[in-house]
Amino acid sequence: MDGERYSAEFRCIAGCGERYPLDEIVYRCEKCGNLLEVAHDMDRLREKSPARWRELFDSRVGNTTWPYGSGVWGKKEWVCPGVDNENIVSMFEGNTNLFWAKRLGEMLGMKDLWVKMCGNSHTGSFKDLGMTVLVSMVNEMIGRGKKIQAVACASTGDTSASLAAYCAYAGIPSIVFLPSNKISTAQLVQPMSNDSIVMSLDTNFDGCMKVVQEITKDNTIYLANSMNSLRVEGQKTISVEMVQQFDWEVPDVIIIPGGNLGNVSALGNGFSMMMELGLISKKPRIVLAQAEKANPLYRSYLKGFSDFEAITPGKTLASAIQIGDPVSYRKAIKALRDFDGIVEQATEDELADAAALSDRTGLYSCPHTGVALAALIKLVEKQVISKNDRTIVISTAHGLKFSEFKIGYHEGSLPEVQSRRANMPVPLPPDAGRVREALEKELAARAKEAAL
Ligand SMILES: *Cc1c(COP(=O)(O)O)cnc(C)c1O
Ligand SMILES: [Zn+2]
């Protein structure tokens with residue numbers, strides 16, 4: 001099989017020369033302590049022409065031949081070529097739709113605005129793209145006799161949901177560390193239902209991260225956070241997939257919300273790999289969007305990335321990116337430098353308003369997607385993004401996971417948010433006359449608004 005011809009390994013991002021096989025339990029360089037990345041044998045990959053890669057990837061979309069119908073494993077040679085197909089733990093993640101944001105675009109004067117719906121996935125977030133790779137590798141290691149008792153992660157909600165589901169599918173025990181009262185009800189119930197050991201810690205995400213790193217030190221519990229670069233490898237396929245969905249044309253601008261900053265690094269890696277292998281010849285511009293309450297990278301950006309300081313994040317509605325000490329900041333800065341990057345931030349009011357505006361055009365945006373949409377609106381106003389730019393906003397999770405956010409918005413109970421687009425149900429007796437009267441009022445109000 002093709003997979004045997006290609007190879008990849010962990011490599012230190014600092015370029016100190018350290019390398020490890022992908023089935024070794026190692027998260028940081030043992031020489032200098034930096035993070036690792038997955039490095040592919042690019043010469044081997046270059047033996048296939050760009051046209052043949054495009055053809056191969058296109059031929060696998062919608063295919064049920066295990067595991068290539070997955071958006072991630074359809075690009076197996078570029079992701080994790082060494083793993084046995086039988087050991088792959090996949091739910092045919094990826095291949096999520098691009099939503100043509102026609103009405104939202106018109107409202108902003110844009111012609112070519114799209115939203116990549118990564119939340120339309122098994123557990124409702126893009127985290128599935130990386131988790132399939134990580135859990136597959138764990139499954140393979142267990143199959144080869146490695147003593148791994150369980151897989152663990154710290155999470156702001158979506159990583160734990162994804163880890164729990166993939167481990168349950170494979171029959172591997174999982175452990176999740178969650179900051180108490182800082183994630184949505186849906187996100188908490190997901191790992192509970194998938195039989196994860198759920199540890200609710202009285203701290204924030206950064207505190208959970210410290211504990212999980214301690215717990216996983218002796219290597220019998222495998223660490224599933226995105227400092228483990230196997231996850232970033234899977235998430236990298238978002239870039240290839242978006243370009244593929246535009247018949248291999250590169251968009252002008254991509255906007256992505258960021259917290260621990262693994263996903264923006266993944267996005268950059270995907271485009272770099274396509275450039276290196278000749279599938280594309282142009283780079284998009286990458287915009288990283290942060291909540292103002294949790295904006296360490298934005299602060300660093302204002303100083304030209306000359307230094308980076310962790311902060312204590314404030315409470316934000318965008319709970320999945322409420323992170324002050326992002327583990328992948330070095331990788332993120334590299335990606336932003338390589339892709340003419342911009343960092344923008346959004347206040348609570350801006351993110352909630354942007355999500356509500358998008359919902360009025362048929363989306364159902366989670367607060368993090370709201371952060372990215374708010375960044376879009378600000379950058380279009382500042383004319384940094386031009387109205388003709390083909391722009392893709394990455395929607396990272398499904399809005400249905402965030403019902404407290406949605407109902408709070410419409411009830412007008414969210415802190416620091418003016419619910420300008422609130423739309424509460426109209427309470428009425430079952431009386432056709434009264435209903436007609438109320439309807440006339442509502443319809444007139446909407447007609448007035450549409451005329452503005
Ligand atoms: C994890 C997550 C993010 C942030 O991704 P990072 O890789 O941590 O930057 C954004 N949005 C949602 C919904 C997430 O679950
Ligand atoms: Zn090193």
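Tutor: Two strands count as paired if DSSP finds at least two bridges between them. In this predicted model, that rule can be applied to strand β11 (residues 285-291) and its neighbour β12.

Student: What makes β11 and β12 a pair of strands?

Tutor: Five bridges join β11 to β12, and the rule asks for at least two, so the two strands are paired.

Student: Why is β12 called an edge strand?

Tutor: The sheet to which β12 belongs is open and has six strands, in the order β4-β5-β13-β10-β11-β12. β4 and β12 (342-346) each pair on one side only, and they are the edge strands. Averaged over this sheet, neighbouring strands are turned by 25° against each other, with direction ignored.

Student: What is the strand order in the open sheet of three strands?

Tutor: The order is β2-β1-β3, and the pairing is antiparallel. β2 (19-21) and β3 (36-40) are its edge strands, each pairing on one side only, and neighbouring strands are turned by 35° against each other on average, direction ignored. Between β1 (residues 8-12) and β3 there are five bridges, and at least two are needed for a pair, so β1 and β3 are paired. Cys12 stands opposite Leu36 in β3.

Student: Why is the pair of Trp53 and Trp78 called edge-to-face?

Tutor: The search of the whole structure finds 11 aromatic pairs. For Trp53 and Trp78 the ring centres are 5.8 Å apart and the planes stand at 75°; the centres must lie within 6.5 Å and the planes must be over 60 degrees apart, so the pair is edge-to-face. The pair links distant parts of the chain, with Trp53 in helix α2 (residues 50-60) and Trp78 in helix α3 (residues 76-79), 25 residues apart.

Student: Why are Trp53 and Trp78 called buried?

Tutor: The limit for a buried residue is under 20% relative accessible area. Trp53 has 0%, so Trp53 is buried, and Trp78 has 1%, so Trp78 is buried too. Trp78 also forms an edge-to-face pair with Phe57, at 5.2 Å centre to centre and 75° between the planes. Phe57 lies in helix α2 and Trp78 in helix α3, so this pair ties together parts 21 residues apart in sequence. Phe57 counts as buried because its relative accessibility is 1%. Tyr6, Trp53, Phe57 and Trp78 form one aromatic cluster.

Student: How many cavities of 30 Å³ or more does the search find?

Tutor: The search of the whole structure finds five.

Student: Which helix gives the most to the lining of the largest cavity?

Tutor: That helix is α11, with three residues, while α6 (158-170), α9 (229-235) and α11 (262-276) each supply at least two. The lining comprises 26 residues, of which Phe126, Lys127, Gly259, Asn260 and Ala320 lie nearest the centre of the cavity. By class, the lining has 10 nonpolar, 13 polar and three charged residues.

Student: Which residues line the second largest cavity?

Tutor: They are Thr156, Pro179, Lys182, Phe205, Ser319 and Gln322, which divide into two nonpolar, three polar and one charged.

Notes: Residues numbered from 1 in each chain as written. Chains lettered and ligands numbered in written order. Predicted model: local features only at pLDDT ≥ 70, side-chain atom pairs only at ≥ 80, totals over all residues. Heavy atoms only, no water. Helix = DSSP H or I, 4+ residues; strand = E, 2+ residues; numbered from the N terminus. Axes fitted to C-alpha atoms, helices over the stretch in contact; angles between N-to-C directions. 1 Å grid on protein atoms, 1.4 Å probe; cavity = no way out; pocket = protein on both sides within 12 Å on 5 of 7 lines; lining within 4 Å. Points joined across faces, edges and corners; volume = space filled by probe spheres on them. Nonpolar A, V, L, I, M, F, W, Y, C, P; charged D, E, K, R; others polar. Phe/Tyr/Trp six-rings, centres within 6.5 Å; stacked < 30°, edge-to-face > 60°. Buried < 20%, exposed > 50% of the residue type's maximum accessible area, 1.4 Å probe, protein only.
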